[in-house]
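Trainee: I am new to this structure. Please take one part and walk me through it closely.

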Amino acid sequence: MVKGLTVAAGAPVLVAVALGLLLYLLVRWLQSHSDSGPALWAA
Amino acid sequence: MVRLRPLADFARGAVVRTAQYGERLSAEESVARAESMIGQCGYDLFSNNCEHFVTWCVTGERHSAQIDRLWFGVSLVGSTTVAPGVGVDVIAGVGMTPARSAPNLMSGLKTIGGGSAATGVGLVAATGGVLGAGTTYLVFRDRDYLPAGERSARRVARVGGTVSGVLTAGGAFYLVGALGVPGYSAAGLSSGCRRSAHRSAAGW
């Protein structure tokens, strides 16, 4: 029962953070493939 | 120490990328800010690193995305490993006997649930959802000086994290009631908690 409660409390945290991060990375990846990308300076 | 050096000396043959900003100070003001700090010391990895210095020169706010990512990792590990264990201890602590036995946890759940163990389970799951959503909001918080693309990606992350936190909290509450003896009785909740732990351990 301890493990069950731990899962009940931990799963929402893990899913929320993981999905937030995944969506962020997905949007940034889509943006990088639709723009010309960041400007570069040759040093 | 802040020093003025030629770009080529700084880069040492490497390619230098330029960061994009949204709302920012003028180039003249940014340069003036940087020059005003020449000779200053006080480097601190967590509160005054090179990225803090640059964002202060360009935007007027000290901020480091690298340190944000570090706290993101720490909060992710902490909120998924330490926090649930502390929560269970709290539940056990408000129960009738100081042990992690099922009867005691049921007693603790009833206490925090105002007489209903099902409400207690719901509060546990909701706390997880709030922690997850809060972490997402904190890590992906909006800043005026970020580029438009970064700001929109952060907005999507905040909304997605919040919605998934709420849905998963509801799902966890439902599963605890549905997996064991059907319903939110004492027998249903305790057997549902046990089965959800077994299924989680099995990797579904």
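Mentor: Here is a close look at one helix pair and the chain contact around it. Keep in mind that this is a predicted model.

Start with chain A. Chain A has one helix and one strand. Of its 43 residues, 44% count as buried.

Which residues make the contact? On helix 1 of chain A, they include A:Leu5, A:Ala8, A:Gly10, A:Pro12, A:Val13 and A:Gly20. On helix 6 of chain B, B:Val121, B:Thr127, B:Gly128, B:Gly129, B:Leu131 and B:Thr136 are among them. By class, the residues of this helix contact are 14 nonpolar and eight polar, with no charged ones.

Step back to the two chains. In total, 55 residues of chain B are in contact with 31 residues of chain A. On the chain B side, the elements giving two or more residues are helix 1 (7-11), strand 1 (16-17), helix 4 (65-93), helix 5 (102-112), helix 6, helix 7 (148-179) and helix 8 (186-202). Helix 7 of chain B gives the largest share, 15 residues. The side of chain B that touches chain A has 26 nonpolar, 24 polar and five charged residues.

Terms used. Residues numbered from 1 in each chain as written. Chains lettered and ligands numbered in written order. Predicted model: local features only at pLDDT ≥ 70, side-chain atom pairs only at ≥ 80, totals over all residues. Contact = placed C-beta atoms within 7 Å. Helix = DSSP H or I, 4+ residues; strand = E, 2+ residues; numbered from the N terminus. Nonpolar A, V, L, I, M, F, W, Y, C, P; charged D, E, K, R; others polar. Buried ≥ 20, exposed ≤ 12 C-beta atoms within 10 Å, placed from the backbone.
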